[in-house]
Amino acid sequence: MIETRNLVKSVDTSEGLLTILKGITLKVNEGEIVAIVGASGSGKSTLLGLMAGLDGATSGDVLLDDNNLTEMDEEQRAMLRGQLVGFVFQSFQLLPSLTALENVMLPIELKGDDQARDKAKQLLQRVGLEERWHHYPNQLSGGEQQRVAIARAFATQAQILFADEPTGNLDTATGKKVIELLFELNREFSTTLVLVTHDERLAQRCNRVIKLVAGEIAEDTTNTVEESVSA
Amino acid sequence: MPEAALNSLNKPSAMSSNLFTVALRLLWRDWNGGELRLLFIALVMAVTSVTGIALFTDRLEKALLLESANMLAADRIVSGRGELPEEILVEGQTRGLRTAQTLSFTSMAFSDSSNMLVAAKAVSDAYPLRGEVIITEAAFTRGRPILSGPPPGEVWLEARALPALEIEVGDTVFVGEAELLVSEIIITEPDRTGGSMMDNAGPRLMLNMADVPATNVVQLGSRVSYRYLFASDELSELDDFEQWFRAQEEWRGRFYIRDVRDESQEVADALDRAESFLLLGSLFAVILAGVAIALTAKRYSERHYDYVAILKTLGCTSSQITFIYLTVQLVLAFFAVVAGWVLGWLVQLGILRLLESIMLVELPEPGLQPYVIGALTAVICLLAFALPPLLALRETPPLRVLRKDMSQQKISDKVPYAFGILGTISLVYWYSQDLVLTSVLVSSVAGIALFLSIVSYLFLRSGGSAGMKAGNAWKLAMTAARRRRSQNVLQVMVFSVTIMSLLILTLLRTDLIDEWQAQLPEDTPNHFMMNITRNQIGEIENFFANNGIQGNAFYPLISARVTRVNGDEPNPEGNLGDDEQNTLTENANLDDVELSEAAQAAAGEPDTGAAGEGEEGRRVRGGLSRRQVTWADKVPPDNGITAGEWWGEKPQAGYVSIEQDYAEWLDLELGDRLEFEINQQTVYAEVSNFRSVRWDNMQPNFFIIFSPGTIDHLGGTYLSTALMEQEQKMLLNDLIRLVPTMVVIEIDALIEQIQTIIAQVTSAIELISVLVLVCGALVLLSCVNASLDERFHENAILRTLGAGQKLIMTSLLIEFATIGFIAGLIATIGAEASLYYLQQEVFQQDFSFHYWVWPLGPLLGMLIIAGLGILSTRGVVQISPLNVLRRLT
């Protein structure tokens with residue numbers, strides 16, 4: 001489903017060239033739930049951005065459902081994102097000028113689907129926000145905003161979902177609820193899920209945990225199915 | 001990407017309709033959130049000012065054409081000294097023009113018991129081609145319009161002539177040898193104020209052209225003014241005819257073709273200047289609105305970086321982003337254009353209301369062009385000012401959703417400012433079609449930009465200190481100003497341009513109005529009296545004193561010709577240009593003086609024109625032909641000595657004062673010895689000074705003034721002026737009876753017309769100034785708003801760290817006031833420099849330094865910017881820091 005080959009990302013800084021990722025090679029299979037963990041600055045979010053096609057690599061390849069992102073320009077990557085990928089972010093990234101419903105409708109509309117409204121309503125119902133659909137993000141709590149973001153992420157029935165610290169801005173209890181919801185929907189839609197997290201407990205619930213240290217894969221462990229399901 | 005995947009992505013129609021919905025939703029929300037309001041208002045202002053002024057000038061142009069009816073009784077007239085060639089009339093008729101003829105001459109009219117000098121005018125049956133003659137059967141009753149002159153055998157007389165001739169309607173008068181029936185009293189005729197000197201030398205007597213031979217008055221050598229009148233509803237036919245006429249070389253200098261603009265120079269000048277001012281005003285309005293659009297669009301786009309990043313994350317391509325934002329702009333523009341049209345229409349209505357009383361004809365409906373111009377303005381403004389920052393949005397990297405600091409600078413760098421600059425220049429040129437205006441405006445703004453970069457570099461470079469120096473408001477403000485150096489330079493630039501525009505308009509307006517008022521003050525004399533002998537002066541003065549008429553000085557008048565300069569034939573400079581040379585020659589023999597020049601004409605300057613655009617040649621026209629000269633012991637009012645000295649308290653004979661343009665044309669120098677031929681005698685005089693003359697003040701003005709004692713012994717008559725109110729008008733009959741040889745020229749109607757026009761044009765100018773003021777305020781507000789987020793954020797942090805409200809507010813006040821002071825100072829310099837060019841090149845005014853603006857400009861800048869700044873940022877200390885930080889993250 002997702003494959004990176006010898007992926008390198010360097011950036012120019014005032015102190016010279018800084019290499020954030022130093023040749024990452026990994027493969028994520030369809031339906032897998034993968035957690036990327038590591039200390040701050042280890043390159044987790046950069047890796048997520050590259051795998052999701054949000055940024056271009058310095059060298060190496062990223063293959064998303066057999067599409068080589070490094071050979072695509074931003075326009076093509078955007079179209080592919082719209083087709084294959086969903087996102088959940090730490091800071092929710094809802095459009096403040098749209099209601100909850102409109103936020104969920106947006107990716108469906110962008111795909112040219114006429115049924116956007118109905119589908120979005122169903123999803124909001126699924127995440128328990130049917131009563132709040134007409135509210136704007138600033139009228140919702142953090143947990144509610146993240147639930148809207150999750151609904152949006154699943155709105156286009158994306159095959160791959162990328163989540164960047166999805167509980168990072170939430171308290172423990174709310175974070176837990178949001179994760180339950182994310183996993184539930186993931187199962188329902190049979191989505192491949194890649195998430196970046198600091199949360200050890202969350203990581204343990206995933207099929208696989210990849211630990212990055214200074215831009216390199218330090219560990220790549222697979223959890224038992226029981227662990228990930230029961231946790 | 002696999003083909004299947006690509007295909008599945010392509011659903012263009014559904015996609016664009018969805019994108020359109022997304023765009024509308026975005027527009028609606030941003031509108032409600034207030035983000036688009038300033039942008040919208042700026043657009044509306046641009047469309048309003050341009051549409052309003054275009055509508056006004058469009059209708060004014062059309063109205064002027066129609067109003068020519070009131071001035072000329074035709075669309076074009078051909079006049080000249082001596083009989084006009086029949087060929088001209090035939091050519092006009094062949095070209096499908098309507099034609100008529102008039103013949104003006106002064107003559108004595110005799111009744112059984114009395115006689116008086118009348119201004120006779122014979123008209124052909126088709127007269128008038130435009131406008132109406134108003135007649136009545138009984139004096140001082142309401143008249144009725146009629147589209148013809150009197151039938152053969154009848155005359156129409158002005159009411160004043162009836163008591164003077166001791167007759168009534170129904171009686172007969174003799175004009176020359178013809179006895180004609182007085183059938184009506186004539187109240188007005190369309191071309192009365194635009195007539196020749198002969199048309200104003202007494203009360204009007206109108207007769208039919210067919211009766212002229214019977215009068216036997218017009219003979220070879222008689223002073224008669226011939227006119228052919230032409231009219232057509234097709235402007236092109238008239239233009240073609242005019243072109244044909246001008247191509248006839250052999251008529252040059254003998255016959256002239258004119259339209260309404262030539263007819264009354266003062267009116268034309270006032271309207272031309274008003275049009276220039278309105279144009280300039282609308283240019284400023286557009287530029288300011290453009291700047292406001294650029295600023296608000298920039299801020300709008302900056303606030304949308306995150307939005308675009310999210311859209312991109314969700315699969316939106318750059319072209320879709322462009323589509324969305326273009327849609328937002330176009331829909332916004334659509335509403336702005338509609339609103340601008342409505343407001344523009346109201347603005348022109350307002351201007352027209354103010355000018356109502358001088359628009360003697362019903363105004364034609366405007367064409368569609370002004371609306372097109374208004375709409376195009378919105379489009380160009382958007383393309384030049386708003387689109388660049390919005391297009392830069394498409395470059396927003398989607399990674400911004402993960403890293404907020406990502407490439408904001410990179411995006412800003414991609415905004416093509418060149419678009420805005422080019423857009424502004426093209427807009428200015430497009431409206432003005434005037435290279436001088438365009439270059440003045442562009443170079444003042446460019447000059448300001450350059451000057452500013454240097455000043456701010458010097459000012460802000462000093463002491464590149466680290467940190468915020470948060471302990472002291474002054475230091476805090478200065479470090480803040482330095483930290484935001486590039487942003488502040490931009491702000492100062494915008495403030496300077498805005499304040500400069502307002503200053504230029506205010507000063508120009510003040511100068512124009514002052515000049516107009518000085519030109520024709522309330523007590524401007526409205527009657528000229530000529531042909532007065534020395535011993536009649538006392539009688540006239542007594543008459544004025546007894547009847548409460550305000551009389552003025554008596555000027556001696558004598559005809560003279562320059563024959564030699566320092567013993568040589570005069571050799572006028574050939575630097576007036578071909579056209580002007582032609583004008584010069586054309587008018588050299590023009591005795592048939594038009595009334596607009598009556599002031600000078602009556603003053604013995606039959607061949608001087610009023611001051612105005614390209615008037616140099618006309619002013620000194622007549623050149624070496626005979627001119628009426630005078631002598632005086634004091635400098636006449638409104639004259640200024642530009643070189644040399646006026647003769648002192650005890651003037652000596654043998655000196656002469658020369659008008660400066662005339663002197664320049666003759667290449668004279670102080671001390672030159674001139675030889676004159678006066679009454680067939682030779683007179684010598686030394687040039688002792690050069691003078692500037694105000695030609696448009698409707699007062700006696702002279703090119704040549706001798707020192708007392710030089711030519712006094714050569715005879716001559718006297719000239720004077722008087723102010724006679726409407727109710728004193730009948731006294732003219734008594735005066736003429738008292739001094740029968742005197743010729744009175746009545747220019748009261750003309751003066752009144754000019755005064756009204758000036759008053760109304762002044763109001764129109766004030767209206768446009770208000771419009772520009774609103775645009776200026778808009779820019780200032782947008783500019784302050786543009787830096788609001790950063791200030792809020794920074795000051796919230798300061799407050800979190802314990803800075804007091806007073807410290808923050810004082811520091812903000814100092815920062816804004818400093819920026820305002822610098823902007824005001826630069827604006828003042830820019831305004832004075834621009835005014836220098838504008839007044840010289842566009843408005844034909846003399847530039848004078850405006851001392852009072854120098855302290856006022858910076859002070860005003862300081863007050864306005866500090867006021868606006870504090871007003872906009874007071875929330876910094878009113879909202880809790882937590883709220884500010886939350887709102888901005």
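The legends below describe close-up views of a predicted model.

**View 1. Chain A as a whole.** The secondary structure of chain A, in this predicted model, comes to 8 helices and 10 strands. When contacts in chain A between residues at least 6 apart in sequence are considered, 66% of them join residues at least 24 apart.

**View 2. The largest nonpolar core.** This core holds 161 residues, and those touching the most other members are A:Ile2, A:Leu47, A:Phe162, B:Leu280, B:Leu311, B:Ile324 and B:Tyr325. Helix H26 of chain B (residues 805–842) gives the most to this core, contributing 16 residues. From chain B, the core draws at least three residues from each of domain 1 (1–67 + 263–433) and domain 3 (462–521 + 747–889). Apart from this core lies another, of 45 residues, which includes B:Phe543, B:Ala560, B:Val656 and B:Ala663.

**View 3. The surroundings of A:Ile2.** Leaving aside residues up to four places away in sequence, A:Ile2 touches A:Leu26, A:Lys27, A:Val28, A:Met51, A:Leu63, A:Leu64, A:Ile160, A:Phe162 and A:Val194. Both A:Ile2 and A:Phe162 are among the residues that touch the most other members of the largest nonpolar core.

**View 4. Helix H3 of chain A.** Helix H3, spanning residues 100–110 of chain A, is mostly covered, with 11 of its 11 residues buried. The buried residues of H3(A) include A:Ala100, A:Leu101 and A:Val104, as well as A:Glu102, A:Asn103 and A:Glu109. Just after H3(A), A:Gly112 takes a positive phi of about 85°.

Conventions:
Residues are numbered from 1 along each chain as its sequence is written. Chains are lettered from A and ligands numbered from 1 in the order in which they are written. This is a predicted model: local features need pLDDT of at least 70, side-chain atom pairs count only at pLDDT 80 or more; totals for chains, interfaces and linings use all residues. Side-chain values use heavy atoms; hydrogens and water are left out. A nonpolar core is a set of buried Ala, Val, Leu, Ile, Met, Phe, Trp, Tyr and Cys residues joined through side-chain atoms within 4.5 Å. Buried means under 20% relative accessible area, exposed over 50%, partly exposed in between (1.4 Å probe, protein chains only). Helices (H or I, at least four residues) and strands (E, at least two) are DSSP runs, numbered from the N terminus. Domain bounds come from an automatic or database domain assignment. Contact means heavy atoms within 4.5 Å.
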